[in-house]
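I opened this file to look up a few features and write them down. The entries are in the order I checked them.

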Amino acid sequence: AYYNMFDFPPGTKGNSFVHDPKVANETDVRAQIRLQFRDVNGELVAVQRSMVCTQKGKKTEFKTLEAVITRTKHGEKVSLSSKCAEIDREMISALGVSKSVINNVIFCHQEESNWPLSEGKALKQKFDEIFSATRYIKALETLRQVRLKQSLKVKECQTELKYLKQNKEKAQEIQDHLSNREAQLAASKENVKSIEGQLDPLKSSLAAVEQNLMKVMRLDNDVKALESRRRQMEKDNQDLQQKMEKVFQGTDEQLRDRYQNHQRTVKEKDKRLSDCKRELDRATKECQRFTSEKSELLIERGRLQLQADRHQEHITTRDSLIQSLAAQLELDGFERAPFNERHVTSFHRLLKERQERDTEAANHLMREFAQKEAMKQKQIDEIRDKKTGLQRTIDLKSDIQNKKQVELKNVKYELQQLEGFSDRILELDQEIEHELEKAERNSNVETLELEVRTLQNEKINLDKALRKLDQEMEQLNLHTTTITQMEMLKKDKAEKEEQIRKVKSRHSDELTSLLGYFPNKNQLEDWLHGKNRKINQTRDSLANLNKRLASVEYHKTYVSNELKKKEAQLSLHEAKLFDVCGSQDFDSDLNKLQDEIEKSSKQRAVLAGATAVYSQFITQLTEEKQSCCPVCQRVFQTEAELQDVINDLQSKLRLAPDKLKSTESELKRKEKKRDEMMSLKPLRRTVVELQDKDIPDLRNKIQNANRDLTGLKGEIEEQESLLQTALSEEDGAKARLQDITLMERYQTDIRDVERKIAQQEAKLLGVDLSRTVLQVSHEKQEKKHLWDTVTGKIELNQKLKQDQQNQIQQLKSTVNELKAEKLQISGSMQRRRQLEEQTVELTTEVQSLCREIKEAKEQVFPLDATLEKLQQEKEDLINTRTASSKETQEKINGIKEKVKDINKYVKEIENYIQQGKDDYKKQKESELDEVSSQLAACEKQKEKISKEMETIRQDIDTQKIQERWLEDNLTLRKRNEELKEVEDNIKQLVKEMGEMKVPQMKNEQKHLEEKIESLKRNHHVALGRQRGFEEEIVRFKKELRESQFRDAEEKYRDMMIVMRTTELVNKDLDLYYKALDKAIMTFHSMKMEEINKIIRDLWRSTYRGQDIDYIEIRSDADENVSASDKRRSYNYRVVMIKGDTALDMRGRCSAGQKVLASLIIRLALAETFCLNCGILALDEPTTNLDRENIESLAHALVEIIKSRSQQRNFQLLVITHDEDFVELLGRSEYVETFYRIKKNIDQCSEIMKCSVSSLGSYVH
């Protein structure tokens, strides 16, 4: 069947299917199979398959190269390669039969030809493949699985639908609440807008009234401020008149002319004073310039002096270093310092000569040391070469010695082996005979044969017992289905009771703690409904509390904002008061400021009068020549005393105008501050009202709101905790509701199972069930185990018998091998003499080499001592040279360092002299003297200008007193005009205030405030209610957005559609399953009936025995099958029938009956399934058949050929070694020739076409 399906014969691989490359003496052997046939359409088809077998090392590798199908269409050949299509599928399509029919019916190898009598599982598989039932059974199984899944889906949908319905109803309820709250929210918003519409005009009216009252307050403040200012101006005018000596009596024009003339005089003096100041500034700048130049020259002189001192230090240090180095080097002429240039040059010359001599001496010493080291190294190299030569000789002779010793050892070992060979010959003679006699004596072949016969008799008895148990099992199998179903029902009942127990144990504690008892489904649903009602009530209560909380929070927010505004207003007013007063005590600061103004006015009057008094006193003391004090009339004793008093009075007179000016400016500042404070008196009253009344009231309201908020939040937290507890209990109960529902379904199932168990028990009434199928099966297994044990013992004894025979045969072979070994040892004994001579010679050579090596080592030892001594001497020379070199180098380096220091100082000295630092120092000292003289002249000019400026200032001070008197007159006249203007303003403001109706406006303000407060309260309540509605709407919307409520109605509708459609689909699937199953059963029954009819006819016409009437194939299947049960399974078996008794043929028939039954079954299958492919190949059909059955088989085949000779595509292939069978077939008129296959001289197969008539004359 290889060219059809690429299937090799059983037990073979591709490399054994092709000619072996080793036999062909080739690396590669290529093979090709060709087949030509007509397909189901009658077209000619040629198939070609190519392969190669390659020898790789010890293994051969098989590989299929290519397969080609060639068809002839319209006179042209069309090829299809395996690279483009699957050849197996093309062959199946062309032959018109399935692969299983090709392999098991048409082409069946001899080794697998008895498959109809194989074990049940393999037989079932082959029949399923032949009937093509596998894919239909898979289709049934798929339908069953799909329907099972759909049934589970329906149950899941029903459970889910219940919860979806609850969710839909709950969502509808929430939606109704939401609509209600939205309508209430819209009404609340309209109410808020209405209140706000009423508030706006009232606020506008109140703002207008407050603006008018504020205007009245401002007018009142202005009147009070103007009156205060008038009183102050009157007082100031009185004070100014008292301060003045006299009041100017002329006109205003005369007063201004006199004041302008006085101003011109003062300006001229000021101009002269400015000129003097400029001259003084110039003189001061000159002095500063000369002082700066003097400072720079002093710094330069100090720097030059420092360099001169350092120059002298360098000379001293150089001389000391020269003295020290000259003493060290023992140079004469350098004992006394200082040294001039000649001494220094002489010292450098002598030092250079001394350094050259020291360097030459050191080089000479190093050369002597180098010569000594070279001599020592030469001696060391000579001894080292001599030692190396001796060492190389030792190594060479040691290698030769080692090789000789190894060779000697091998020779001795070989001699030792040869010494044992003589003993080995004697041992072999004894061992050969002893082992053979012992094996023959210990063998018990006869005993084993006796035990085998006994065990075979026992095995026959066990076979009879097994057949009896099979009959009993067959009787029990009639009721097996009922018993099995009853056991399965009981098991199902126990499982469901266990599930109920688990559910109760899992939820008993929780449900008992919630309800006080373990509920059923209805009780739990009623409890959940009541709990849900309580939760809704709690939520409503919580919503009302949230509304109240929102209202209180809004009121608190409003009051807090008002408090912030009042506090900001208070802070602003206090800041204004603080900016003006400098503190918060307004009244005390105002009184204090009034006292300070009075004091400043008196001081100004005193200072204004003091100028005239001091001038008069000075005039009396200077011009009138009075010698007593004008005040106390004390007589001055000396002129100096008098002059001191005059100077003191002049200084006070000079300072009086400045003090008067500062006092007046201070007085103006305080008056301005007093006016500002007077204008802030209404602001002060507002601050007091805010501090004492408004802000405390607002804070009390906030405290009350906080107290209410705390209480409401406590109530809300309590309600929320109750709500959370209720929700958690509800969630827990909902989570357990599904298990309670499942438990009730289990209880319903248990009642159904108990009813079915009762029905099954009714069926088994009157049946003896003392021995169950399980007991019979167990006993059968024990018998089968004994049967296997006996069979194993038989095989073991036969194996022991064979092993003993093999052992005796092996010992005989060992005897022959030992004889051969004895001959080999005898030949080896002749080599012993040669090895003994070789041993003596090698021993002598080894001793000679040892002696030579010892002598060489004795010569090496003194060389080592000499070499070590010379190396030590060389090392001592190197150390001495190193130390001497180091000492000389350190001495030279020390002298170089000192010379370097001397040269450094010499260079510094030469640089100082070359730069001419001494002359430059003298030049700077002369420049310093000249600048000092110029600075003294400038200081004298500066002093002269200062004295002139002092005289001018005294004149200006005297003029200022007169100027102050004129200014006071101008100020007095200006204040009188301002006072008149203030009085006119007061009259005008009083008139305006009289025109405004202040009491009516205050009453209106109070009325408007009460109305606004009432509307605000209503507004706050409405806003709180509105916020509560908004929060409830948000909560309802949030609940509707939750997964269980979002699209709840659509989910319910979709799930209902899915459940209904799934139920309809399940009904259709059940109908499809039953229709397909019935079709399969009908087809199977028809085919089996047809096959068994053909088998019965063939058996009766072929089999010549009398013990079997006929045989048939039985297929057992369960008749009560629906889509909810497991898939249908056919159990096939071949039975032989004698009379009314049907027995399994497997294990009960002879080899010939087995072969004949298999052939007949294959012929019947071919008749049934090979209508499109009439090919049938029989491989060795006469195996194990006796002559009578062979003849009847040949007769049956001839009848088949005769009946199907008119079929155009029928072809029978018979492969056999039985020439008599061929001759029997040839007696018919349908067989004339046959093909004989044999190997030629080259071991290649040859095919010969022969005539049937030549069978008798064929020479093998």
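Entry 1, ground rules. I am working from a predicted model, in which local features need pLDDT of at least 70, side-chain atom pairs count only at pLDDT 80 or more, and totals for chains, interfaces and linings use all residues. Residues are numbered from 1 along each chain as its sequence is written, and side-chain values use heavy atoms, with hydrogens and water left out.

I looked up the secondary structure and found 23 helices and 11 strands; helices (H or I, at least four residues) and strands (E, at least two) are DSSP runs, numbered from the N terminus. Of the 1260 residues, 33% are buried (under 20% relative accessible area; exposed is over 50%, partly exposed in between, with a 1.4 Å probe and protein chains only). I also checked contacts (heavy atoms within 4.5 Å): of those between residues at least 6 apart in sequence, 78% join residues at least 24 apart.

The unreviewed UniProt entry places "coiled-coil region" at several stretches, among them residues 154-184 and 794-1018. Such annotations may be inferred rather than shown by experiment. I checked residues 154-184 in the model: the chain there is 100% helix and 0% strand, with end C-alpha atoms 44 Å apart.

I took α5 (residues 99-106) and α21 (residues 1151-1169), whose axes come within 10 Å and cross at roughly 145 degrees. Axes are lines fitted to C-alpha atoms, for helices over the stretch in contact, and angles run from 0 to 180 degrees between N-to-C directions. From α5, Val101, Asn104, Val105 and Ile106 make the contact; from α21, Arg1162, Leu1165, Ala1166 and Phe1169 do.

The largest nonpolar core holds 70 residues, and Ile106, Trp1099, Ile1113, Met1145 and Leu1165 have the most contacts inside it. Such a core is a set of buried Ala, Val, Leu, Ile, Met, Phe, Trp, Tyr and Cys residues joined through side-chain atoms within 4.5 Å. α21 gives the most to this core, with 11 residues. I listed the neighbours of Ile1113, leaving out residues up to four places away in sequence; they include Phe127, Met1088, Tyr1132 and Ile1161.

Glu754 is in helix α15 (residues 681-763) and is partly exposed at 37% relative accessible area. Its C-alpha lies 8.0 Å from that of Leu489, 265 residues away along the chain. Lys1011, in helix α19 (residues 998-1041), is partly exposed at 40%. Lys1011 and Leu202 are 7.9 Å apart, C-alpha to C-alpha, and 809 residues apart in sequence.
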